[in-house]
Amino acid sequence: MFMRVTYDLLLFLLSASLLFGCSKADTLGGKAPDEVVISGTPTWENGIGDLVRSKCASCHVIPFSFYSPHNTPSTLNLSVYDNSSNIRGANILGIWINSGILEKALTGVARKMPLEYATPLTSREIESLKSWSTSGSPKN
Amino acid sequence: MGREVVGELTGLRLVKSFLCFQIALFFILLWPFTSLAVTAIEQSRRLQLVYSHLLDFRSNAAPIYETSGTLEVSVDLQPMPDIDARIGAKTEPVETLPVSGRLRLRGFLFDGWMLGISSVPGLTIGKQKATALQTEMGLRKTWGSIQTGLRVSQSLWEILGQMTTTRYKDRLENRQQNIDFSLGLDWSFWQPYAGIGRGILNSDFWIEESQITLKIENHVYSYQFVGLGLRENTWSFNFEQHRTEDFLLHFQLSATRKF
């Protein structure tokens, strides 16, 4: 009796697991991020706005989003270009990009951006941001 | 001669149930996975959903009608799928066990009504402490060899420990409710079955390092499953393959002793 049960158990577990068992979790960890491709001269209105809103303003937005870490600056809103009262807009980004914030932390100012667990920038997006910054980060 | 006939019949049942099982599984697996372009928010949400679905209280049993007063004690085992836990450029140091398990108790009342419970009372495994209470209520009916089961379940989970970094303790709190229907056949000692289910998930994932809570509120999802049970007197063994939303496949095994 014991042998019969053992035999059935082994047959069942082996056949079910080996023949049919399927275990797969499609997390999004291995997938490339969305890329914002800009044709023509990059300006805030021509692509940079979409890029910054997509990759930066998920945290740097006023009011804070659910995803903004606790030490996110409270006077920076990268979802808009212009300053408003005491809130800085995305027009300040050009200075920081020219100072190298995409490659290293700016001492006393900010950590390297984007943060490690934020949506990464592609090489083409970095080139677009640098091109925009060196040309004076224009709106139009 | 008699032994040969029994052998042929058993072999025929085996082939029939495996064919039925394979056809159902084929349709479930045929549904292709979707491919999305991603942001870090989408990645973290998907990861939270995957972990939450793996904590569901699924049936893991053929819907066999049991007489009043029957009590079942089960050990469920769930091999964990490989999980790519990268968010942005950061690989989250989440260490999951290769197999998770649970002890489960089921009691059968009158006319096919069933109650079940499973509890994890603050169990610490590795760097994480889990507390859970899972309950289920169901109704099973039989028409000849056809078996049906309707089941509702609820899961309350809290997992505390290192999940996104080794320096801080995060906390995952889940509240899940499920309803599922299964249809099966009772062929001698084999019971192939299949079913569909819906769930609603509320999940709070507190990340201590960032001091943010990633919330999933009233997320409604569907799942399908096929299973195969084997009964031998007071013992039964079960295999159940699940497909949850369009991104998670996992299976569970269980051994049950009936009293």
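This is a predicted model: local features need pLDDT of at least 70, side-chain atom pairs count only at pLDDT 80 or more; totals for chains, interfaces and linings use all residues.
Chain B contains two helices and twelve strands. The chain has 259 residues, of which 39% count as buried. Of the contacts within chain B between residues at least 6 apart in sequence, 58% join residues at least 24 apart.

The contact between the two chains draws 44 residues from chain B and 33 residues from chain A. On the side of chain B that touches chain A, two or more residues come from each of the helices α1 (2-30) and α2 (40-54) and from each of the strands β2 (86-87), β10 (212-232), β11 (235-244) and β12 (248-258). The most is given by α2(B), with seven residues. By residue class, this side of chain B divides into 29 nonpolar, seven polar and eight charged residues.

Strand pairing also links the two chains. Strand β1 of chain A, residues 24-25, pairs with β12(B) in the antiparallel sense, over two bridges. Within this pairing, K24(A) has L249(B) of β12(B) as its bridge partner.

In chain A, helix α4 comprises the twelve residues 123-134. At 1.5 Å a residue the helix should span 16 Å, and the end C-alpha atoms lie 17 Å apart, which agrees with that expectation. The buried residues of α4(A) are E125(A), S128(A), L129(A), W132(A) and S133(A). Viewed down the helix axis, these buried residues fall within an arc of 130°, so they line one face of α4(A). They pack against two other helices of chain A, α2 (48-55) and α3 (93-98). The face turned away from the buried side carries the exposed residues S123(A), R124(A) and T134(A). Helix α4(A) is followed by G136(A), for which phi is positive, near 95°.

Terms used: Residues are numbered from 1 along each chain as its sequence is written. Chains are lettered from A and ligands numbered from 1 in the order in which they are written. Two residues are in contact if their C-beta atoms, placed from the backbone, lie within 7 Å. Helices (H or I, at least four residues) and strands (E, at least two) are DSSP runs, numbered from the N terminus. Ala, Val, Leu, Ile, Met, Phe, Trp, Tyr, Cys and Pro count as nonpolar, Asp, Glu, Lys and Arg as charged, and the others, Gly among them, as polar. Two strands pair if DSSP finds at least two bridges between them. A residue is buried if 20 or more other C-beta atoms lie within 10 Å of its own, exposed if 12 or fewer, and partly exposed in between; C-beta atoms are placed from the backbone. The expected span of a helix is 1.5 Å times one less than its number of residues. The arc is that of the directions from the helix axis to the C-beta atoms.
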